[in-house]
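The sequence and structure are shown first.

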Amino acid sequence: MSISKKIVDDFVANDVSFITTVPCKQLGGVIEECEARPEIYHIPSNKEDEGMGLCAGAFMGGKRPAIIMQNTAIGVTINTLVTLTQFYRMPLPMLISYRGELKEPVACQAEMAVHTKALLAQLNIPTYHFHKEADVEEFDAILKYTFMCNKPVAILTDATFWGGY
Amino acid sequence: MIRSEILREIAPILRPHLVVCNIGLPSQELHSIDDQPTNFYMLGTMGLASSIGLGVALAQDKTVISIDGDGSILTNMGTLPTIANNVADNFILLIVDNGSYGSTGDQPTYAGKLTSLTAVAKACGCENVVECQDVDTGKVLQEAIDSKKMTIIVCKCDSGNIKLPVITRDPVNIRDRFMEAVKA
């Protein structure tokens, strides 16, 4: 089974039915899979903070949301994470492409990569790093944890996890 | 009319519906005029009232009205294409367009100068966009609710604020109360 399919299977099994995405090459397969599944309302966002607003609304409307984005988005969304998702105590799984790690071809991506974990730690956001393919086995438990504790939770997925480019 | 006068006038129309209200003075005004469990007050995060409202509307069937401002729409302009392309006929976006950033001291916005949010919303693909004058807001809002078609209302009005205390209700309480009202 492809990793993308396994990830989206876990979303569906955990009743995540509202997923917003901002495009990413590394996460392209997951985004396609979200679009293909009838159980999921896939709503592309123009910016990640907008997407977090949509997810907050969907959660209050009774659906379990998720956001799929790049780690550069941490820089865009700190205010939203703090004053919306955390302040109102809402769950939000964030499946994040961890650009700028080993096998990264674009130098600029490394600039944000070096800040990613520090920013997430500063925000007290539980953070998991998928580096090897087998790490995906924890995804189901991470989703359950997220909706148990009503927090934003980050799942960083690097190029090695995705098998390089 | 200024925003608080419009809110006072439309409060009875809003009351039976789910309302997502913009950060700062709009929420403080609605809270003081007619606090309801069906109101979600934004205490932070400028610009996301329309996105939160659309999310609520897409997740369930009740009518949702987002009360937004011209300044907040300009902050999150990407919201309009998302709304246009994800039609929720139970969603109304009411943009109180007073041409100023009210909560921060009435600094002018571009919407009060050369930029027409009505034209922007139409260009983004929103099908039902109604621009109205402040005195007609109640009538236009009621028509939009009755039409059961997703509608963007751009209400042109005067800038100006009234002095009100901040909302001290706990955010988790606001959210929980709102979610109970959604389920009721």
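## An exposed loop residue in chain A

A:Lys103 counts as exposed, because it has 11 C-beta neighbours inside 10 Å. A:Lys103 sits in the loop between strand 4 and helix 5 (107–122) of chain A. Although A:Lys103 is not a glycine, its phi is positive, at about 80°. Helices (H or I, at least four residues) and strands (E, at least two) are DSSP runs, numbered from the N terminus.

## Basis of the model

This is a predicted model, in which local features need pLDDT of at least 70 and side-chain atom pairs count only at pLDDT 80 or more, while totals for chains, interfaces and linings use all residues. Residues are numbered from 1 along each chain as its sequence is written, and chains are lettered from A and ligands numbered from 1 in the order in which they are written.

The model scores ipTM 0.98 and pTM 0.98. For chain B the mean pLDDT is 97, and 100% of the residues reach 70 or more; pLDDT is the predictor's confidence in each residue, from 0 to 100.

A:Asn150 lies in the loop between helix 6 (139–149) and strand 6 (152–157) of chain A. This residue is classed as partly exposed because it has 16 C-beta neighbours inside 10 Å.

## Overall form of chain A

Chain A contains six helices and six strands. Read from the N terminus, the order of its elements is α-β-α-β-α-β-α-β-α-β-α-β. Its C-alpha trace spans about 40 × 35 × 30 Å along the principal axes. The radius of gyration of chain A is 14 Å, which agrees with the value near 15 Å that a compact globule of 165 residues would have. This radius is taken over C-alpha atoms, and the globule rule is 2.2 Å times the number of residues to the power 0.38.

Of the 165 residues in chain A, 48% are buried. Among contacts with a separation of 6 or more in chain A, 77% are between residues 24 or more positions apart. Two residues are in contact if their C-beta atoms, placed from the backbone, lie within 7 Å.

## Buried positions in chain A

Helix 2 (residues 28–36) of chain A has the buried residues A:Val30, A:Ile31, A:Glu33 and A:Cys34. These residues are on the same side of helix 2 of chain A because they cover an arc of only 160° around the axis, the arc being that of the directions from the helix axis to the C-beta atoms. The elements of chain A that cover them include helix 1 (3–13), strand 1 (16–21), strand 2 (41–44), strand 3 (64–70) and strand 4 (92–97).

A:Phe18 belongs to strand 1 of chain A. A:Phe18 is buried because 23 other C-beta atoms lie within 10 Å. Beyond its neighbours within four places in sequence, A:Phe18 is in contact with A:Tyr41, A:Cys55, A:Ala58, A:Lys63, A:Arg64, A:Pro65 and B:Ala59. A:Arg64 is 46 residues from A:Phe18 along the chain, and their C-alpha atoms are separated by 6.3 Å.

## Overall form of chain B

The secondary structure of chain B consists of eight helices and eight strands. Its C-alpha atoms fill a box of roughly 40 × 35 × 30 Å along the principal axes. Buried residues account for 48% of the 184 residues in chain B. Residues 24 or more positions apart provide 69% of the chain B contacts with a separation of 6 or more.

An unreviewed UniProt entry places the feature "domain: Thiamine pyrophosphate enzyme TPP-binding" at residues 39–154 of chain B. UniProt positions are given in the numbering used here, feature names are shortened, and annotations may be inferred rather than shown by experiment. The span 39–154 of chain B is 36% helix and 25% strand, and its end C-alpha atoms lie 20 Å apart.

## Interface between the chains

In chain B, 27 residues are in contact with 25 residues of chain A. Helix 3 (49–59), helix 5 (79–85) and helix 8 (171–183) of chain B each supply at least two residues of the side that touches chain A. Helix 3 of chain B gives the largest share of that side, eight residues.

By class, the side of chain B that touches chain A has 14 nonpolar, eleven polar and two charged residues. Here Ala, Val, Leu, Ile, Met, Phe, Trp, Tyr, Cys and Pro count as nonpolar, Asp, Glu, Lys and Arg as charged, and the others, Gly among them, as polar.

Methods
A residue is buried if 20 or more other C-beta atoms lie within 10 Å of its own, exposed if 12 or fewer, and partly exposed in between; C-beta atoms are placed from the backbone.
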